[in-house]
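Here is a quick briefing to read alongside the coordinates. Have the viewer open, and we'll go topic by topic.

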Amino acid sequence: MTELSDEDLIKEYQDNNTPEAYDILVKRYKDPLMNFVYRFVGDRDICTDVVQDTMIKFYLNKDSYRSFAKFSTWIYTIAGNLAKNELKRRRRRIIFSIDNSDDERSPQIEDKMFIAPDKAADGTIRNEIIQKALLKVKTVYREVVILRDIQDLSYEEISEITGLAIGTVKSRINRGRAQLQKLLKHIYRE
Amino acid sequence: MKKIYNNEENKFSEMLKVLKELPKIKAPDNFEYNLLTRIQNKNFGKTEKERPQFNWVKFLAPSAVVISAIILFFIFFPSSQENNNQILQRTKLQDKQSAVNNSTSTKNELNNQQSVPSSTNLQSNPSVLLGSNDRAARPGVRSRIYDSRSIKLDDYISGANKNQSNTNRGNIVNNGEEPSQYDGLIVSEKPDKKTLERYRAVVDSIKKAQLKADSLKKVQK
């Protein structure tokens, strides 16, 4: 069964309610979804919850999947929507919380000024800076940039996931990249 | 088109390389175990519709509307209550009645040839005795007759009102454009028929005497 394609597995799960098919699909997609959601939300715990919820939604609404679409785009759409909802909820919580700290509201990219170049070369710190810069990019651009440049999805797949025209996807990717490059300028100084 | 985007990708090539080198985030080891536990326990809590949290904005907006409605009601309520105020209604009726009586009495004094209409007729159909130029007959023009300024005719004749000090009294002369605040001999009570006849007899005798004097003058000439 492990050799079956995603679409075959979901069909098997839909028709015969085979738990093994569900398990295989969860194993295949848990890591890519974790990576996508983490880059989008920027919090590991929240990211785990979002991916768990995605899998639960998949479990509960398996019949809403239609065979003409790719399974990957369907599951990415669910994860993306849940991640966006989570971001909105967090934003609302920050607005209404009395003792909200600035750290919670926006990642401090400005801290980069105080990082020595030799330290900036260090992988961990650099990755952290890139992640913070990603979170600074507008949500609409961030999503497509992550899907394209980190998850390596095609424009067609991104178009299907986001429900946007391919032209829009491309222009958004470019704008997102431009924003990100502006934020990461200092990394390429050397 | 493809070339443009390829050029764009070249422009960002360095950054794209860095993004691709980012470490892949992996799910925790107990991810599947937790997921299966949730499914077995049917713990789908978060995916179900969340209970709406208490929202101050949602709470304050309707309550502000209700409060403003109550305030507006209390602002406009007294004006509607005024119509039901019997004391005010009575004073208005008195004003009207005294205006009618006043106009009829002046007419009667001037026109002694006409018969005296009964008080009941006056009350039932006052427009019979009112001329078109009379202030009381004009629509929209309201005579300002104040009870505090009126005096009783009987008391005035007998001199019983001499001791009363009415500070509001005084003759006001205007050009007739504005409603006059006249201080007249307004009968606040029903006119006595006998008194009216007595006054009419006095006026008649004066007029007869004047006619006699005129005729004597003519004879002398």
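Two residues are in contact when their C-beta atoms, placed from the backbone, lie within 7 Å. By that rule, and leaving aside neighbours within four places in sequence, Val37(A) touches Cys47(A), Val50(A), Val51(A), Ala79(A) and Ala83(A). Keep in mind that this is a predicted model: local features need pLDDT of at least 70, side-chain atom pairs count only at pLDDT 80 or more, and totals for chains, interfaces and linings use all residues. Residues are numbered from 1 along each chain as its sequence is written, with chains lettered from A and ligands numbered from 1 in the order in which they are written.

**The core**
- Val37(A) is also among the residues with the most contacts inside the largest nonpolar core, along with Leu33(A), Val50(A), Val51(A), Ile75(A), Ala79(A) and Leu180(A).
- That core has 53 residues, where a nonpolar core is a set of buried Ala, Val, Leu, Ile, Met, Phe, Trp, Tyr and Cys residues joined through C-beta atoms within 7 Å.
- Buried means that 20 or more other C-beta atoms lie within 10 Å of a residue's own, again placed from the backbone.
- The largest share of the core, 12 residues, comes from α2(A); helices here are DSSP runs of H or I with at least four residues, strands are E runs of at least two, and both are numbered from the N terminus.

**Helix α2(A)**
- This helix covers residues 19-41 of chain A and bends by about 35 degrees at Tyr29(A), the bend being the angle between axes fitted to the seven residues ending there and the seven starting there.
- A proline, Pro32(A), follows the bend within four residues.
- After α2(A) comes Gly42(A), with a positive phi near 85 degrees.

**The α8(A)/α9(A) pair**
- The axes of α8 (residues 139-150) and α9 (residues 155-162) of chain A come within 10 Å and cross at roughly 145 degrees; axes are lines fitted to C-alpha atoms over the stretch in contact, and angles run from 0 to 180 degrees between N-to-C directions.
- On the α8(A) side, Glu143(A), Val144(A), Leu147(A) and Arg148(A) meet Ile158(A), Ile161(A) and Thr162(A) of α9(A).

**Chain B**
- Chain B has eight helices and zero strands.
- Of its 221 residues, 8% count as buried.
- At the interface, 25 residues of chain B are in contact with 27 residues of chain A.
- On chain B, α1 (2-11), α2 (13-21) and α3 (31-40) each supply at least two residues of the side that touches chain A.

Note on methods. A residue is buried if 20 or more other C-beta atoms lie within 10 Å of its own, exposed if 12 or fewer, and partly exposed in between; C-beta atoms are placed from the backbone.
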